[in-house]
Amino acid sequence: MLKSNILGMNLKNPLFLAAGILGTTASSMKMVARAGAGGIVTKSFSLEANDGYENPTIVKIEGGVINSVGLASPGVEAKKEELIELEDIRDETPVIASIYGDSEDVFCEVAQRTKDYVDAFELNVSCPHAKCGFGSNIGEDPEMTYNIVSSVKDSIKDVPIIVKLTPNVTDITEIAKASQEAGADALTLINSVGPGLRIDYQTGKPILNNVLGGIAGPMIKPIALKCVYNTYKTVDIPIFGVGGIKDYKDVLEFMYAGASLLQIGTSIMYDGPEIFKNITDDLSIFLEENGYNNVTEIIGLSHEL
Amino acid sequence: MIKNVYDDEVPKVVTIKETVIETPTVKTFIFPFEITEDIHPGQFVMVWDLNNEKPMTISVIDKKNNLMGITVRKAGPFTENMYENMGVGDKIGIRGPYGHGYELSGYKKVLAVGGGSGIASLAPLLSFYDNVDLISAASTKDELVFVEKFKKENIQVHECTDDGSYGFKGFSTELADELLKTGDYDIIVGCGPEIMSYKLLELSQKYDIDCQLALDRYMKCGLGICGQCCIDDTGYRVCVEGPVFDKEQLGQLSEFGKYRRDAAGSIVEY
């Protein structure tokens with residue numbers, strides 16, 4: 001019922017672990033795989049080790065989290081060791097490496113060094129709390145996005161390239177089109193929203209050390225859905241829907257809007273990694289009760305009504 | 001069905017009510033906090049000094065007066081600033097409590113071993129259970145934590161120092177070994193330097209008794225999502241499944257006693 005084959009990956013279900021969540025160590029990613037995820041996206045990494053920002057970096061707020069972890073990661077060589085540890089789960093649970101950088105060369109170098117250990121790359125050109133030159137500084141600009149994507153495509157021939165986009169632009173479909181024209185094999189919509197701000201009401205101090213942080217979790221679902229819905233009409237490549245998914249009803253909404261695959265991140269803090277099994281169980285029951293034979297039948301349904 | 005989506009868990013800012021200089025490097029901070037039924041020894045809070053934030057074990061759980069305490073050892077800029085500059089009337093933010101604490105119901109006699117400020121994690125056990133024997137260990141007499149507190153509350157504690165300046169001369173694990181030989185303990189619990197904790201696990205294997213140990217890893221969210229504190233090979237989240245792990249879990253932790261990961265996620269060997 002939930003099986004599909006997309007980007008050359010044989011998937012037991014369409015629910016991936018989202019980048020940035022439980023994706024630092026091979027052990028934690030394996031733990032999420034055992035809990036029932038259909039695939040894994042690693043936490044973003046680049047050439048060099050990066051401590052990220054000082055705490056507080058992630059705080060739970062109404063409807064989700066505000067976060068400015070700041071792309072903390074151990075650097076490509078250490079990450080490669082973690083990826084090698086994942087080799088034995090990839091047949092059943094494909095692994096996508098999320099990578100970031102501040103230039104075409106860095107993206108290509110990181111991808112070259114790790115391409116033998118992953119099933120696809122997700123280019124993070126959309127982190128809203130990255131330092132200048134990284135993350136959404138790239139993904140807000142169609143031309144810069146085009147250049148990064150096409151250079152990685154030229155450099156890496158045999159591994160699919162997914163581009164993760166920021167919603168914090170006037171028209172996300174422009175960036176989506178630029179990515180497709182540059183050769184992207186799929187898109188991930190969306191990275192966190194904002195950035196936003198929370199302040200302690202007693203002292204007036206901004207809560208995050210970095211002051212501003214990306215907003216994620218159930219509260220951003222309507223924005224993510226809009227991005228998927230509009231982008232589905234503009235591009236022909238598969239879309240990973242991500243943003244606030246916490247139950248099977250959310251999965252249905254994203255797939256109706258046009259997502260072929262989904263990613264789950266923040267909601268793990270409510271239900272634990274068991275959320276993957278809870279959702280896939282409920283989703284199978286719903287699809288069966290409603291007369292579907294396979295989950296892929298509902299992709300883009302809202303556009304046909 | 002998820003129920004807590006709309007809870008707001010920003011730091012709760014409290015005003016420090018009392019401080020106790022425990023040793024030249026250790027200081028306790030006590031502040032008002034509603035002590036609900038679910039708060040348990042071994043859990044931790046994220047402590048925000050209105051700038052940075054670190055996980056700290058809860059060292060005082062005072063249900064009667066709705067007070068909570070943390071006990072801080074100078075180990076870096078954050079804790080040095082707290083020790084040197086923060087006092088009564090200053091504000092700190094608290095998130096949590098988070099994680100799983102010690103679960104000692106059903107055990108007949110408990111041996112609790114605290115190394116240095118690790119005793120902070122164990123002291124609240126005394127107001128929850130009446131069958132706990134404590135070992136408090138430090139390098140030297142001046143660094144023993146809670147000596148006055150235990151005296152005031154008339155609590156018997158087995159103290160030990162590496163240099164023999166107070167109590168038993170030697171390591172806490174040597175004293176624990178002595179006590180386990182003769183005492184009818186059915187569990188050993190502990191908190192302290194990881195090398196000590198690892199030896200406590202070995203002692204529990206030697207005497208074939210249960211074991212629960214509090215572990216410490218670099219933390220960011222405390223919510224079970226950032227992945228920073230996940231521990232090899234099981235991927236247990238120290239902030240959710242821990243910080244206190246039982247004997248079966250500890251046996252699965254291949255990195256226990258060997259290495260940890262830093263803020264970037266890079267491996268740092270002990």
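Chain B contains 6 helices and 18 strands. Its radius of gyration is 18 Å, close to the 18 Å that the globule rule gives for 270 residues, so chain B is as compact as a globular protein of that length. The model is a predicted one.

Along the principal axes, the C-alpha atoms of chain B fill a box of roughly 50 × 40 × 35 Å. Of the 270 residues in chain B, 57% are buried. Taking the contacts in chain B between residues at least 6 apart in sequence, 60% join residues at least 24 apart. Chain B carries 28 positive and 42 negative side chains, with the centres of the two sets 2 Å apart.

One strand can be followed in detail. In strand β4 of chain B (residues 44-48), 5 of the 5 residues are buried, so β4 is largely enclosed by the rest of the structure. Buried here means under 20% relative accessible area. On one side of β4(B) lie Phe44(B), Met46(B) and Trp48(B), and on the other Val45(B) and Val47(B); both faces are covered.

| Partner strand | Residues | Sense | Bridges |
|---|---|---|---|
| β5(B) | 53-62 | antiparallel | 5 bridges |
| β7(B) | 91-98 | antiparallel | 4 bridges |

Phe44(B) stands opposite Thr57(B) in β5(B), and its bridge partner in β7(B) is Tyr98(B). A hairpin is formed by β4(B) and β5(B), with 4 residues between them. In that turn, Leu50(B) has a positive phi of about 75°.

How values were computed
Residues numbered from 1 in each chain as written. Chains lettered and ligands numbered in written order. Predicted model: local features only at pLDDT ≥ 70, side-chain atom pairs only at ≥ 80, totals over all residues. Heavy atoms only, no water. Helix = DSSP H or I, 4+ residues; strand = E, 2+ residues; numbered from the N terminus. Rg over C-alpha atoms; globule rule 2.2 N^0.38 Å. Buried < 20%, exposed > 50% of the residue type's maximum accessible area, 1.4 Å probe, protein only. Contact = heavy atoms within 4.5 Å. Lys, Arg positive; Asp, Glu negative; His and termini not counted. Charge placed at Lys NZ, Arg CZ, Asp CG, Glu CD. Pairing = 2+ DSSP bridges.
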